[in-house]
Amino acid sequence: MLNGEPGKVAAATPDAPEVAAADGEQPPGAPDPQRLTAARARLLWAGALVAAAVALFWCYLLQSRTAAVNSDAAGMVLQGWDMMHGNVLLHGWFVADVSFSTFEIPIDGLVAVVHGLGPDVAHITAAIVYTLLVLSAALLARGTARGAEGIVRAVLAGGILVAPGYIPGTHVLLLAPDHTGIGVPILLTLLFIDRARERWWAVAGTVLLLVWAQVDDPLATYAAAVPIALVCLVRAALPLVRRRRPGWYDAGLAAAAVVSVGLTRLAVHGISAAGGYQMHALKVRQSIPVSLWGQQVKLAVQNVLILFGADFWEQPTAIRTAIAVLHLAGFLLALAGLLAGIACLFRSADRITQVLTVGTLVVLVAATFATHMVLLQGAHDIAVVLPFCAVLAGRTVGSWLARRRLQRLALTPVLTAVLAGYLAALGWAAAQPKRQAETQQLADWLVAHHLTDGLAKYWAASSTTLSSGGQVLVVPTADLGKQPYTWVAKGSWYDPAASRATFVVAVPGPGNAYAFPEAGVRQTFGKPAREYRVGQYVIMVWDKNLLLQVSKPGRA
């Protein structure tokens, strides 16, 4: 009896509903609010990344199109096209002293298959690669941090990279693969190390990723494998000094880096032995005399400023000078990140910060004191310094800001204004006029006049082939057309049984970087059957196969 009322029983019958959950508890089977919140946060992050990637890609594509595609970029696209049509190992190709065969060239090939063979492939690939560079840098800067700190770190690193300088920044960062793209495989390798659990498979995965990067570009050996080996070896050995058990994971990563160098050499040798591409040997340069160190340091600083878009000297217009001065903010933040990385290198720095710091120093010291630094070209050689220092700024300066509320409140309006300026600079650069490929007019004329095979200097060769959509093959040659120029070229192009070259691209007078002198070509091949003037060029045409008079290519 309950409350004295008849017919009411105290105990529930078997068919009665279950007792309601206590206050504050979720009913059995109900979704966990914390998991739902975490899932929503992950979806928001993923959606934000996708939206940012699409917007950035479009802006970088437009900015890339403001630079003319040249034969370096065109040769890479032609390699990718050949790779996607079954020549995976690039059999018969003479590549540069860097292959780009495991990252940039496959992207070129995939884009060419989808888009069609043409100069715009180089622009699309450059935009894809730089977008990946910005996003991977932001993710690596964020690391394992969550909440406000993770956002500040990611935005700071991504913001430094978000707006490449216009000229010459577009040419350095948003055109042909030239040591910029290798930053993506390196950052992805470090992201894997940062996020993976300390297991044997993480060590094995590091080996594979490092081999992937080093086969693509030998710069990865000095920028990634060497720093990882040095940092992790020291981290593994320090416990021994303190009479503790050494960390097996750091020892494993150090061994992985060393093993990856050997495996890379075996892989490159195996590609060559299997009939794949032939790569030119890296030029061994003598060490720089001490008397030239000052000039070397000056050039290195100028090239670093070019990378960060802060090359404010000799800018031709006020708006470009203002944009370059604005980019000094990113350079100073990156410098602060590098100095912070050096300051805490042997104390409180985490593994990734240590690797990035050592990698930056190795690249800068080697480029400054072991090679002849050249303005602009040197910016290509040290391109990884840009994403490395951006990530360092995020992981050091970003963390410092996130943990100091007063400083964060004071600097947030300033940094927000700088970021807005960067985005405005990106929009301005993307809005500049589009430029044709360097030899587009020549390619159009050759297609219209059904001249399909010929010879030219390097800078007018592959760019014309690509600009014609592959309808014309212009073979790169040297020595007035008598010698093959095997730099990003295919050996079969010089085979008279496979091709019939009937014209030479020349110019009146002494010749230039794009074409041979008309008189010299006439001495080499005799009097042409016909001659045409196309812009600055003279197209000299014969009724014979000129490849019969061109030497056969040897080994690179």
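Begin by selecting L480, which lies in the loop between β4 (473-478) and β5 (483-484). The model you have open is a predicted one, and in it L480 shows a positive phi of about 60 degrees although it is not a glycine. With a relative accessible area of 23%, L480 is partly exposed.

Stay with the strand β5 and select V488, found in the loop between β5 and β6 (489-490). Phi of V488 is again positive, near 55 degrees, in a residue other than glycine. Is V488 buried or exposed? At 1% relative accessibility, V488 counts as buried.

Next, select T524 in helix α20 (residues 518-525). Residues up to four places away in sequence aside, T524 touches L480, K482 and Q549, which brings you back to the residue where the tour began. T524 counts as buried because its relative accessibility, 17%, is under the 20% cut-off.

Now select L455 and display its surroundings. Leaving aside neighbours within four places in sequence, L455 is in contact with a list of residues that includes V474, V475, T477, G481, A501, F503, F525 and L546. L455 also belongs to the largest nonpolar core, which has 130 residues, and is one of those that touch the most other members, along with Y60, Y130, I186, L190, L307 and F308. To see where the largest share of this core comes from, select helix α4 (residues 120-142), which supplies eleven residues. A second, separate core of 17 residues can be picked out through A456, A461, F503 and Y537, which are among its members.

Move on to the helix pair α5 (residues 147-161) and α16 (residues 385-403), whose axes come within 8 Å and cross at roughly 145 degrees. The crossing of α5 and α16 is right-handed, and by class their contact has 13 nonpolar, three polar and four charged residues. From there, select P168, placed in the loop between α5 and α6 (169-173), and inspect the peptide bond from I167 to P168, which is cis with omega near 10 degrees.

Finally, zoom out to the whole protein, whose secondary structure comes to 20 helices and ten strands, and whose C-alpha atoms fill a box of roughly 125 × 65 × 55 Å along the principal axes. Of its 556 residues, 51% count as buried, while the protein exposes about 26000 Å², with carbon and sulfur atoms supplying 63% of that area. Among contacts between residues at least 6 apart in sequence, 73% join residues at least 24 apart.

Conventions. Residues are numbered from 1 along each chain as its sequence is written. This is a predicted model: local features need pLDDT of at least 70, side-chain atom pairs count only at pLDDT 80 or more; totals for chains, interfaces and linings use all residues. Side-chain values use heavy atoms; hydrogens and water are left out. Axes are lines fitted to C-alpha atoms, for helices over the stretch in contact, and angles run from 0 to 180 degrees between N-to-C directions. Helices (H or I, at least four residues) and strands (E, at least two) are DSSP runs, numbered from the N terminus. A crossing is left-handed if the near helix is turned anticlockwise from the far one by less than a right angle, and right-handed if clockwise. Ala, Val, Leu, Ile, Met, Phe, Trp, Tyr, Cys and Pro count as nonpolar, Asp, Glu, Lys and Arg as charged, and the others, Gly among them, as polar. Buried means under 20% relative accessible area, exposed over 50%, partly exposed in between (1.4 Å probe, protein chains only). Contact means heavy atoms within 4.5 Å. A nonpolar core is a set of buried Ala, Val, Leu, Ile, Met, Phe, Trp, Tyr and Cys residues joined through side-chain atoms within 4.5 Å. Accessible areas come from the Shrake-Rupley method with a 1.4 Å probe; for residues, only the protein chains shown count as cover.
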